[in-house]
Amino acid sequence: MEGDNSRHRINGALMPNYQGKHVCVLGKAKDVDPNGKFFTLSTSDEKDIRVNMSNPLSEYVSGLTEVHGRVQGNILQCENYVLFSEDAAGKFDMGLYNQAVQLMEGCPEQYVQGVTES
């Protein structure tokens, strides 16, 4: 049984498989709404998804960003996000990360994600 804290790491192509579920998506933030209500996240597999904010952003969001939220159609409803420094982003291999996401998705019995309750 999936616990409330379970967040699968996914890419843009996997969003349809996780409708209504809590997920973690890593990508590059861009095209921030001037009012801070949403931004675009270019995912590890180079898909652009819209990230809607529950509350308007209080800081500028750009570059390598991890978003925790719930999938609703083609939109990710943000619950929390993490911005990475330019130094960390410069050292990050997005292609290798995407391969890891695909591997975890393809072998769920080997790569348990999130917290489970018994």
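**Exercise 1. Phe-39 and its surroundings**

Determine in which element Phe-39 lies, whether Phe-39 is buried or exposed, and which residues Phe-39 contacts beyond its neighbours within four places in sequence.

*Solution.* Phe-39 lies in strand 3, where helices (H or I, at least four residues) and strands (E, at least two) are DSSP runs numbered from the N terminus. The model is a predicted one, in which local features need pLDDT of at least 70 and side-chain atom pairs count only at pLDDT 80 or more, while totals for chains, interfaces and linings use all residues. Residues are numbered from 1 along each chain as its sequence is written, and side-chain values use heavy atoms, with hydrogens and water left out.

The next step is accessibility: buried means under 20% relative accessible area, exposed over 50%, and partly exposed in between, with a 1.4 Å probe and protein chains only. Phe-39 is buried because its relative accessible area is 0%.

For the last step, contact means heavy atoms within 4.5 Å. Leaving aside neighbours within four places in sequence, the contacts of Phe-39 include Ala-29, Val-32, Arg-50, Val-51, Leu-57 and Val-67. Of these, Leu-57 is 18 residues from Phe-39 in sequence, and their C-alpha atoms are 9.6 Å apart in space.

**Exercise 2. The nonpolar core**

Find which residues of the largest nonpolar core touch the most other members, and which elements give two or more residues to this core.

*Solution.* A nonpolar core is a set of buried Ala, Val, Leu, Ile, Met, Phe, Trp, Tyr and Cys residues joined through side-chain atoms within 4.5 Å. The largest one has 25 residues, and those touching the most other members are Ile-10, Phe-39, Leu-41, Val-51, Val-67 and Leu-76. Two or more residues come from each of strand 2 (22-30), strand 3 (38-43), strand 4, strand 5, strand 6 and helix 2 (94-106). As background, nonpolar side chains in soluble globular proteins tend to be buried together.

Val-51 can then be taken as an example: apart from its neighbours within four places in sequence, Val-51 is in contact with Lys-37, Phe-38, Phe-39, Leu-41, Val-67, Leu-76 and Cys-78.

**Exercise 3. Rings and a charge**

Identify which residues form the aromatic pair, and which ring face Arg-50 lies over.

*Solution.* Rings of Phe, Tyr and Trp (its six-membered ring) pair if their centres lie within 6.5 Å, with planes under 30 degrees apart counting as stacked, over 60 as edge-to-face and the rest as tilted. A search of the whole structure gives 1 aromatic pair. This pair is formed by Phe-92 and Tyr-97, with 5.7 Å between centres and 50 degrees between planes, and is tilted. Phe-92 is partly exposed because its relative accessible area is 32%, whereas Tyr-97 counts as buried at 13%.

A charge sits over a ring if NZ of Lys or CZ of Arg is within 6 Å of the ring centre and within 35 degrees of the ring normal. Arg-50 lies over the face of Phe-38, at 3.7 Å from the ring centre.

**Exercise 4. Positive phi in loops**

State where Asp-31 and Glu-46 lie, and whether each is buried or exposed.

*Solution.* Most residues other than glycine have a negative phi. Asp-31, in the loop between strand 2 and strand 3, has a positive phi near 50 degrees, and is exposed at 54% relative accessible area. Glu-46, in the loop between strand 3 and strand 4, has a positive phi near 65 degrees, and counts as exposed at 71% relative accessibility.
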